[in-house]
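Hi everyone, thanks for coming. Have a look at the sequence and the structure on the screen, and then I'll walk you through a few spots.

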Amino acid sequence: MNLFPIIDAHSHLWLWQDTHWDGKPIRTLTNGRSLFLGEEVQMLPPFMIDGRNTAEVFLSNMNYAQVSAAVVVQEFIDGIQNDYLAEVMQKYSDRFFVFGMVDYLHDGFFAQAQALLGQGFRGLAIPGHRLLGRSLTSDEMMRMFRLMESRGALLSITLADGDRQVDELQEVITECPKLKIAIGHLGMANPPVTPPWENESWRRQILLACHESVYVETGGITWLYNSEFYPFPSAVRAIREAAELVGMEKLMWGSDYPRTITAITYRMSYDFLVKSDEFSEDEKCQLLGLNAQRLYGFEDLKPLPYIKNMSE
């Protein structure tokens, strides 16, 4: 049994993908596959034959991997999933923290955000890297951020790689210093030319977590370093470097479930950190659960027992 609850700070759920991005369709097919921007891809593990990425299947994976709770974010490429996630929030509030999402691509989203917060969503997600043509500091965005701050709602945001949106988010933090923020994907820590720790623009994004209310989660880190594969030594190095910049108490592990488990098992998405010699036991506790428990307010979580495989 783990000695502390493990919390996944970045995951996704949906009943069906039926949307488009950049003028190209995204549709659920069969056998875990999706039509994705004109290409058929393995979006889910092949045993998820109906294409339904449900809370119940995820909970089974979580229980097996000894993950006590998970944070569910949203992304435009999956379609807006507020209706389903509202059901998840009601049924499994002890295991999931779910983020709502509105249509930031069109003006008038403030009313949607207000409605979601009134409905009980405790945070809103922004796939900022998909909004490079729109300002994160527009009047409507800032109005929404001030509302979130006043309601104690959290912001999950993924920025474009490097520092292209850092100044805008810095402006948000200055205007709303009590708004709790989780920056996704470890700042997109896979620049094509240089390692992130040698990239000043990546460091600027991570350094946003020097602000008291800002955290960084590692969602999709195994995808970013998929070409390296387990045990992902450069992913370990990137997390270590981020910890040196802002402290391990500001970092949270995230899996980016379910897409990442087409290549590895769910347990493998954090096991490489457990087995690493680069982190102390205290740092592993912080990274794998304690920091997320503090930020998202999970209560009464218990470490889950290890269930032996029949093949052992």
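Predicted model: local features only at pLDDT ≥ 70, side-chain atom pairs only at ≥ 80, totals over all residues.

Let's start with Asn31, which sits in the loop between strand E3 (24-28) and strand E4 (33-36). Residues are numbered from 1 along each chain as its sequence is written, and side-chain values use heavy atoms, with hydrogens and water left out.

Back to Asn31: its phi is positive, about 60°, although it is not a glycine. Is Asn31 buried or exposed, or something in between? With 39% relative accessibility, Asn31 counts as partly exposed. The cut-offs are these: buried is under 20% relative accessible area, exposed is over 50%, and partly exposed is in between, with a 1.4 Å probe and protein chains only.

Asp256 also isn't a glycine, and its phi is positive at about 65°. You'll find Asp256 in the loop between E12 and H9, and with a relative accessible area of 6% it is buried. That loop, between strand E12 (251-252) and H9, is also the place of Pro258. The peptide bond from Tyr257 to Pro258 is cis, with omega near 5°. There's a cis bond from Tyr230 to Pro231 too, with omega near 10°. Pro231 belongs to the loop between helix H7 (221-224) and helix H8 (233-246).

Now for the helices. Which residues of helix H1 (residues 55-65) are buried? They are Ala55, Phe58, Leu59, Asn61, Met62 and Ala65. If you look down the axis of H1, these buried residues fall within an arc of 160°, so they line one face of the helix. The arc here is that of the directions from the helix axis to the C-beta atoms. And a bit of background: an α-helix has 3.6 residues a turn, so residues three or four places apart point the same way.

What covers that buried set in H1? The cover includes strand E1 (6-11), strand E6 (67-72), helix H2 (82-91), strand E7 (96-98) and helix H9 (268-274). Just after H1 comes Gln66, with a positive phi of about 65°.

H2 has its own buried residues: Asn82, Tyr84, Leu85, Ala86, Val88 and Met89. Among what covers them are H1, E6, E7 and helix H3 (109-119).

Next, Trp16, in the loop between E1 and strand E2 (18-21). Trp16 is partly exposed, at 45% relative accessible area. Leaving aside neighbours within four places in sequence, Trp16 is in contact (heavy atoms within 4.5 Å) with Thr28, Asp50, Asp78 and Gln81.

Methods. Helix = DSSP H or I, 4+ residues; strand = E, 2+ residues; numbered from the N terminus.
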